[in-house]
Amino acid sequence: GIMVGYTDGELHLARKITRAEFVTTVIRTLKYDFMLGASENKFVDVPNTHWAKDYIALANALGFVNGVGDNKFNPDANVTIVEAEAILLRILGYGDQAQKIGWPNGYTLYSSQLGLSENVDIVNKTVATRGHIAQLLANALDIPMWSYFNDSEKTILTEYMGYKKVEGTISDTALTDDYL
């Protein structure tokens with residue numbers, strides 16, 4: 001339910017993704033859908049009839065997106081890889097540190113150091129495809145969230161999605177009824 005395919009049943013991973021589509025994907029990843037409609041839309045270029053208005057308003061209220069200036073979000077423009085990285089770094093708690101270095105280099109640097117951009121061709125102004133976003137999200141899921149207390153156990157998987165980490169090894173031994 002995070003990335004929704006098209007009516008032909010395909011994800012079309014080579015297609016470019018808009019800023020509105022990306023924000024929607026992020027809110028779904030974090031399972032924040034239940035808060036849709038609770039935030040005020042502050043962007044003048046996102047009309048009340050826009051399909052992603054509530055997703056954009058919520059992402060803004062949570063501090064994940066700031067817009068492009070002049071109270072605009074530019075929802076139907078394509079998102080660039082560095083814009084997507086910036087949003088994910090803010091969610092992970094690294095946004096302030098990346099911003100201290102500056103736009104866009106701080107975000108690209110942190111993204112690279114954390115492994116967020118692993119297997120993604122990085123050029124700051126490269127327009128992201130659905131495939132790029134799928135890879136960035138997959139990479140982000142298990143990156144430790146930034147903490148003053150060096151708590152490296154918290155990730156998007158554990159904090160936002162509610163999964164528990166399990167220590168152990170994986171083997172190729174099949175389970176039988178004796179193990180159930």
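This is a predicted model: local features need pLDDT of at least 70, side-chain atom pairs count only at pLDDT 80 or more; totals for chains, interfaces and linings use all residues.
Of the protein's 180 residues, 40% count as buried.

So what is it built from? The count is 7 helices and 0 strands, and if you read along the sequence you get α-α-α-α-α-α-α. Now, take the contacts with a separation of 6 or more: residues 24 or more positions apart account for 61% of them.

Let's go to one pair of helices. In general, you describe two packed helices by the angle between their axes and the distance between those axes. For α3 and helix α5, which covers residues 105–114, the angle is about 70° and the axes are 9 Å apart. That's why we call α3 and α5 roughly perpendicular to each other, since 65 to 115 degrees counts as roughly perpendicular. Their crossing is left-handed. Who makes the contact? On the α3 side you have Val82, Glu85, Ala86, Leu89 and Arg90, and on the α5 side Tyr107, Thr108, Tyr110, Ser111 and Leu114. Sort the contact of α3 with α5 by class and you find 6 nonpolar, 2 polar and 2 charged residues.

Staying in α3, find leucine 88. Is leucine 88 buried or exposed? Its relative accessible area is 2%, so leucine 88 is buried, the cut-off being under 20%. Leaving aside residues up to four places away in sequence, leucine 88 touches Phe22, Val26, Leu116, Leu136, Leu137 and Ala140. Look at that last one: leucine 88 and alanine 140 are 52 residues apart in sequence, yet C-alpha to C-alpha they sit 7.2 Å apart in space.

Alanine 140 takes us to helix α6, residues 130–140, where the buried residues are Arg130, His132, Ile133, Leu136, Leu137, Asn139 and Ala140. What covers them? The cover includes α1 (19–29), α3 (81–92) and α7 (156–159).

Lysine 53 lies in helix α2, residues 53–61. With a relative accessible area of 18%, lysine 53 is buried too. Again not counting residues up to four places away in sequence, lysine 53 touches Asn41, Val46, Pro47 and Asn48.

Note on methods:
Residues are numbered from 1 along each chain as its sequence is written. Side-chain values use heavy atoms; hydrogens and water are left out. Buried means under 20% relative accessible area, exposed over 50%, partly exposed in between (1.4 Å probe, protein chains only). Helices (H or I, at least four residues) and strands (E, at least two) are DSSP runs, numbered from the N terminus. Contact means heavy atoms within 4.5 Å. Axes are lines fitted to C-alpha atoms, for helices over the stretch in contact, and angles run from 0 to 180 degrees between N-to-C directions. Angles under 35 degrees count as roughly parallel, over 145 as roughly antiparallel, 65 to 115 as roughly perpendicular and the rest as oblique. A crossing is left-handed if the near helix is turned anticlockwise from the far one by less than a right angle, and right-handed if clockwise. Ala, Val, Leu, Ile, Met, Phe, Trp, Tyr, Cys and Pro count as nonpolar, Asp, Glu, Lys and Arg as charged, and the others, Gly among them, as polar.
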